[in-house]
Amino acid sequence: MQESLTHWDATMMATYGIPALVLVNGKNATVWDVDGNSYIDFLAGIAVNSLGHAHPELVQAVSEQVATLGHTSNFVAHPQVLKLAKRLVDLTHPSARVFFCNSGAEANEAAIKISRRTGRTHIVSLEGSFHGRTTGALSVTGQSAKSGPFLPLLPDVTFIVPNDVAALRETVTTETAALWLEPILGEGGVIPLTNAYLQAARQVCNETGALLVVDEVQTGIARTGTMFAYEQAGILPDILLLAKGLGGGLPIGACIGFGPAATLLTAGQHGTTFGGNPISCAAANAVLDVVAKESLQERALKIEQVIRNFLVSCDGVQEIRGAGAMLGIVLTADFGPNVVSAARDLGLITNSPLPNVLRIVPPLTITDSELNQGLEILKTAILQAWKV
Ligand code: PLP
């Protein structure tokens, strides 16, 4: 492993630090490193590999597409993008119109530009939120450690505490272009917004004319037990943002506008070379096929039940929060990073977005056996780190 990593430091910018693992292959929720060691994958490429690794239908769809028509341009259409856009409209609302891009940050950038087309500039977002690393997306990200080195960013963004309805009512006004929310703050430590808060957000936006932007880059595509997490609050956003699990490992993002927000961007106002490319769209179509065929929303709920039952009375665990296959294990102290490294040594990949929180976002296709194996390792790692 060390030998494989010697070039990292000498060739890569230091943005990610030096990784602990070099992975070479995977099968569903199990991956293998360059030395042949296996790991259960509870991170799924940070909620990306919704179908696990090397899912046969995803492999076939992508292989066939690259062998048929790998890239076009947005001057022409192709069947995969037409099919995917239609499916996203059918899955959301008839008024939906889709803009395809390549990542979560780019989906946020598109939404920022749409919000500017209201004629207003003020944006309200949440403290602790994460929307991406490009300068626009970073401007609406409520984590000063990430945005601080790059100031000044976009002006006129106000951050408020999550789940505080009074703050929402006070801050979102008729001058506000958009309110930016993640139904569960992922990078912020797996913090769910309550249904009451999401409903209040919808109401405040109706009253003020601000756009409700729901960033489901991490929560979307069956992960929380419904296709989109917003459905659980019985609301419809003005703009829905997707990426990560949509492509199951291929890079794709989507910014979906509803009602008036669907038509605020007009010809020539936005674009990207690779957005809606045939290969990523073929992957997303395969993901949506498998989600439907294998009822992965229900599987996500089953995964939640198994994890909660297994860890509820584990020493060192204070609380389990989140929904479906997006759970935060809140620890009794800041020993999350120690659990992550102990787990890795024992054969499990997970991560710790906050020092006292572990994030569990496995593939939705994880088998019972992989899930139980991973949970046994996780418990051992938690107990090891907790006792130190
Ligand atoms: N929005 C949310 C909610 C995310 O969790 C992330 C990434 O973690 C992003 C946006 C940025 O996505 P990307 O890394 O694909 O740019």
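Which helix gives the largest share of the lining of the largest pocket? Select helix 5: this helix supplies 3 residues, the largest share of that lining.

The model is predicted, so residues are read with these limits: local features need pLDDT of at least 70, side-chain atom pairs count only at pLDDT 80 or more, and totals for chains, interfaces and linings use all residues. Numbering starts from 1 along each chain as its sequence is written, and side-chain values use heavy atoms, with hydrogens and water left out.

**Stop 1: the ligand**

The shell holds 13 residues, and Gly104, Ala105, Asp215, Gln218 and Lys244 come nearest. Helix 5 (residues 104–116) gives the most to this shell, with 3 residues. Helices (H or I, at least four residues) and strands (E, at least two) are DSSP runs, numbered from the N terminus. By class, the shell has 3 nonpolar, 6 polar and 4 charged residues. Here Ala, Val, Leu, Ile, Met, Phe, Trp, Tyr, Cys and Pro count as nonpolar, Asp, Glu, Lys and Arg as charged, and the others, Gly among them, as polar.

Next, show N and O pairs within 3.5 Å, the cut-off for a polar contact. A backbone N or O atom of Gly104 lies 2.9 Å from an oxygen atom of the ligand. At Lys244, an N or O atom of the side chain is 3.2 Å from a ligand oxygen. At Phe130, a backbone N or O atom is 3.5 Å from a ligand nitrogen. The ligand taken alone exposes 390 Å², of which the protein buries 82% (Shrake-Rupley areas, 1.4 Å probe).

**Stop 2: the largest pocket**

The ligand takes up space in the largest pocket (more than half of its atoms lie within 2 Å of the grid points). A pocket is an open set of points on a 1 Å grid over the protein atoms alone, where a 1.4 Å probe fits, with protein on both sides within 12 Å along at least five of seven lines; lining residues have an atom within 4 Å of a point. The volume is about 1700 Å³, counted as the space filled by probe spheres set on the points. Of the 45 lining residues, select Tyr16, Leu43, Gly45, Ile46 and Lys244, the closest to the centre. Elements giving two or more residues to the lining include helix 2 (44–47), helix 12 (336–346) and strand 16 (351–354). The lining has 22 nonpolar, 15 polar and 8 charged residues.

**Stop 3: the second largest pocket**

About 440 Å³ of space lies here. Of the 21 lining residues, Asn74, Val81, Phe100, Gly275 and Gly276 are the closest to the centre. Helix 4 (79–91) and strand 4 (97–101) each supply at least two lining residues. The classes are 9 nonpolar, 12 polar and no charged residues.

**Stop 4: two backbone details**

Go to Pro152, in the loop between helix 7 (144–147) and strand 6 (157–160). The peptide bond from Leu151 to Pro152 is cis, with omega near 0 degrees. Finish at Ala54, in the loop between helix 2 and helix 3 (56–66), where phi is near 55 degrees, a positive value in a residue other than glycine.

Technical notes:
Near = heavy atom within 4 Å. Polar contact = N/O pair within 3.5 Å; in protein donor to acceptor, adjacent residues only side chain to side chain.
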